[in-house]
Amino acid sequence: MKPVKNKFLSIKTGALQDAILNSANFSSIATDEKGVIQIFNVGAERMLGYVAADILNKVTPADISDPQELIARAKALSLELAVKISPGFEALVFKASRGIEDIYELTYIRKDGSRFPAIVSVTALRDDKNAIIGYLLIGTDNTARKQAEQALLNAGALQSAIFNSANFSSIATDEKGVIQIFNVGAERMLGYTAADVMNKITPADISDPQEVIARAKTLSAELGTMITPGFEALVFKASRGIEDIYELTYIRKDGSRFPAVVSVTALRNAQNTIIGYLLIGTDNTARKQVEEQLRWTEESFRLMVESVSDYAIVMLDTSGRVVSWNSGAQRLKGYVADEIIGQHFSRFYPRQDIDRGIPQQALDVATAKGRFEDEGWRVRKDGSTFWANVVFTAIRDQEGNLRGFAKLTRDLTERRSVEAELTGAKLLAEKANLAKSEFLSSMSHELRSPLNAILGFAQLLESDSPPPTPVQKDAIAQILGAGWHLLKLIDEILDLTKIESKQVPLSREPVSLADVMLECQGMIEPQALQRAIQMTFPRFDKPCFVLADRIRVKQVLLNLLSNAIKYNSKGGTVEVAYAESTTPGLIRVSVKDTGAGLSPEQQAQLFQAFNRLGQEGGGEEGTGIGLLVAKRLVELMGGVIGVESTVGAGSVFWFELSACAEPQLSLEGGEPEALTLPPAPHGAGLHTLLYIEDNPANMKLVEQIIARHPDIMLLKATNGNSGIETARLSQPNVILMDINLPGINGFEALEFLRADPATAHIPVIAISANAMPRDIERGLKAGFFRYIIKPIKIKEFMAALDMALEFAEKKSFKTK
């Protein structure tokens with residue numbers, strides 16, 4: 001369909017039509033016969049906030065009208081004309097389409113959602129054959145008239161309200177100025193009753209006489225006539241028909257004063273003769289105080305800006321030229337105000353930044369975003385440079401127009417120097433941490449290696465055949481007890497050092513408290529039985545999970561349980577419980593004992609390093625850091641730990657961790673197929689085990705362990721190179737590998753074994769005194785089948801060896 005707009009443009013319009021269509025005072029909206037807008041003049045744009053492009057060929061006038069009014073108009077017209085009229089554009093033009101003159105009131109809705117009342121005149125546009133080709137809706141903003149109508153309705157009420165209001169002093173006089181009316185507002189403000197002043201004084205008698213004299217003098221000069229100080233000075237303009245509102249100080253009955261704004265009107269009779277005056281006043285104290293506060297604030301701000309010497313505070317105009325310059329700017333940049341005001345701020349930038357357009361970019365970003373912050377080199381008057389932090393803030397007026405920029409500059413040269421030093425110090429600290437990690441690894445290795453022999457041989461003696469005598473058993477138990485205790489002390493010290501160095505890897509995942517407590521119960525009950533301690537653990541009627549690291553939760557709980565047994569009275573009880581914390585979202589785990597209890601002073605020492613509580617009289621031994629390690633671990637997992645204790649009544653140690661939902665097991669693709677190992681081949685021969693170890697004591701220990709298993713033959717090598725050669729020639733089922741070997745180390749030896757097809761299939765178990773978590777992780781990533789730390793526990797060692805032999809048998813079975 002051809003746009004109807006072309007038809008309208010082809011119509012020759014008279015000067016009046018042209019004026020209406022182009023007038024900013026009328027909204028002229030022309031539509032096609034279906035109501036789609038084709039013309040939207042400048043007046044419509046001004047009134048409604050749309051530009052023509054927003055709505056031409058897109059909407060009808062109904063889309064910018066109040067929908068409820070459209071419904072009401074359609075309903076009213078349907079009743080009036082006895083025909084069904086649809087709400088929408090039809091309701092706006094129905095009369096005009098029938099040739100009926102139509103002018104009505106309607107609420108238009110602007111683009112921003114605001115509304116205004118309009119008077120709309122609708123005319124049908126017809127072609128030469130009298131067919132309707134569209135409609136013209138000419139509207140005028142009816143807001144002023146509506147407000148005027150409302151004002152007239154309210155005038156009587158307003159007049160009454162003013163005379164009866166306690167917020168206005170309404171004073172009416174006769175033509176000579178003698179007060180005839182003195183309302184409640186005047187009484188409240190001035191402290192007089194009406195009886196005190198009516199028919200007795202004039203308003204001049206309650207006004208500041210000096211101000212009345214000054215007003216008379218000013219008016220005389222302004223109007224070119226002599227005006228007498230007194231009542232005449234207060235009403236002279238009003239008596240000449242000139243609107244008069246002025247400020248004046250009123251004097252109360254008690255002599256106190258207050259500033260007032262007074263409006264004066266001459267009262268006239270039907271013959272236009274002045275019969276008196278009405279003076280309506282408002283107390284101007286609050287406004288005066290605000291004005292004074294603003295004046296003081298502006299002056300204070302000016303003085304503050306001027307006095308700030310650490311910051312260069314500069315105001316720029318919209319083009320970037322300096323309009324104000326404080327003492328800080330003079331100190332920092334070397335210019336005095338007279339030298340720099342009017343100059344462009346880009347002169348503070350190095351030449352290369354100016355060439356790259358950096359100064360203008362700063363203004364552009366500040367204009368767009370309101371603020372821009374930057375750091376870089378700046379240039380002083382003498383050509384020297386300094387490292388500056390600069391903040392630009394766009395200054396806008398109430399209408400949002402850009403008025404200029406505030407520019408705040410700080411000299412950060414010294415801070416930049418310190419940061420450079422700190423960066424160097426950080427690098428040194430990182431090197432120190434690396435050295436500390438290497439030292440810890442080395443110390444762990446050096447301490448564990450001899451312990452491996454001590455504890456290993458003691459375990460062999462304990463299970464020897466024939467069994468040891470009672471005296472020997474007691475000696476072996478002493479050796480094992482001291483050895484494992486020493487290992488625990490080493491682990492605690494290393495643990496604390498790792499925690500303090502932030503080298504403890506933690507995983508945050510759902511951990512079942514029921515599972516952790518069950519494991520801890522099995523591990524701790526032998527210790528409780530030795531002291532006849534009765535242990536009580538909770539029953540879990542429903543799953544309870546916390547968001548934490550499973551290994552570390554177990555470590556913390558075992559520490560609390562061990563202490564509860566160690567420091568309990570013989571034959572006492574230990575009760576483990578769990579419950580929701582009073583802090584929402586946390587679960588509390590508690591360990592209650594029946595020990596001697598702790599005083600407040602002792603409780604204050606509990607979570608400190610190397611405290612000696614419980615060891616004062618040759619009691620239980622320990623490093624005194626177990627609780628500190630527990631505290632640090634709980635905090636690393638986002639929890640809290642504490643104690644409640646009373647001397648003579650035992651203690652309750654507790655920790656709280658974040659509760660979480662039970663994890664959902666995914667069974668995508670069906671249940672996993674169970675792994676089944678093939679049975680060992682009938683008549684299988686000896687298993688061959690190669691141990692590569694340079695420490696004779698450790699080699700001897702493994703020899704004696706393996707000697708108890710006649711189905712395993714042990715091969716030995718004392719360095720990596722000989723171990724690789726032995727593996728190639730002998731094809732052992734499993735290889736045991738020390739890490740710290742002479743020549744090539746265990747990792748390098750493993751690489752050679754994996755690279756050679758003849759040995760790549762052999763499972764290799766690492767046995768090392770390098771026991772740091774990163775050592776274990778590195779070993780498993782490198783490809784070791786298992787990573788066993790020294791001192792070895794024989795049962796764990798044999799379990800790992802059995803798994804490796806089964807794995808080797810399975811691989812051998814598959815290749816056949």
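A nonpolar core is a set of buried Ala, Val, Leu, Ile, Met, Phe, Trp, Tyr and Cys residues joined through side-chain atoms within 4.5 Å. The exercises below apply this and related ideas to a predicted model.

**Exercise 1. Check whether the span of helix α20 fits its number of residues.**

Step 1: helix α20 covers residues 550-566, which makes 17 residues. Step 2: the expected span is 1.5 Å times one less than the number of residues, and for α20 this comes to 24 Å. At the start of the helix, a side-chain oxygen of D549 comes to within 3.1 Å of the backbone nitrogen of I551.

**Exercise 2. Determine which element gives the largest share of the largest nonpolar core, and describe the surroundings of L561.**

Step 1: the core holds 41 residues, and those touching the most other members are M535, L557, L561, V574, F655 and L657. Step 2: the elements that contribute two or more residues to this core include α19 (513-530), α20, β19 (573-580) and β22 (650-660). Step 3: the largest share, 8 residues, comes from α20, a helix in which 13 of the 17 residues are buried. Step 4: when residues up to four places away in sequence are not counted, L561 touches C520, I524, M535, F537, V574, V576 and V591. Step 5: apart from this core lies another, of 31 residues, among them A194, I227, V235 and F236.

**Exercise 3. Describe how α20 and α22 pack, giving the angle, the distance between axes and the handedness of the crossing.**

Step 1: the angle between the two helices is about 150 degrees, and their axes are 10 Å apart. Step 2: the crossing of α20 and α22 is left-handed. Step 3: on the α20 side the residues that meet α22 are R552, Q555, V556, N559, L560 and N563, while α22 brings G626, L627, V629, A630, L633 and V634 to the contact.

**Exercise 4. Decide whether Y246 is buried or exposed, and identify its contacts beyond four places in sequence.**

Step 1: Y246 belongs to strand β8 (residues 244-251). Step 2: its relative accessibility is 7%, and because buried means under 20%, Y246 counts as buried. Step 3: leaving aside neighbours within four places in sequence, Y246 is in contact with R215, L234, A260, V261, V262, V264 and L279. Step 4: although Y246 and V262 are 16 residues apart in sequence, their C-alpha atoms are 5.5 Å apart in space. Step 5: a polar atom of the Y246 side chain lies 3.1 Å from the backbone oxygen of L234.

Methods. Residues are numbered from 1 along each chain as its sequence is written. This is a predicted model: local features need pLDDT of at least 70, side-chain atom pairs count only at pLDDT 80 or more; totals for chains, interfaces and linings use all residues. Side-chain values use heavy atoms; hydrogens and water are left out. Helices (H or I, at least four residues) and strands (E, at least two) are DSSP runs, numbered from the N terminus. Buried means under 20% relative accessible area, exposed over 50%, partly exposed in between (1.4 Å probe, protein chains only). A polar contact is a pair of N or O atoms within 3.5 Å; within protein, one must be able to donate a hydrogen and the other to accept it, and residues adjacent in sequence count only if both atoms are side-chain atoms. Contact means heavy atoms within 4.5 Å. Axes are lines fitted to C-alpha atoms, for helices over the stretch in contact, and angles run from 0 to 180 degrees between N-to-C directions. A crossing is left-handed if the near helix is turned anticlockwise from the far one by less than a right angle, and right-handed if clockwise.
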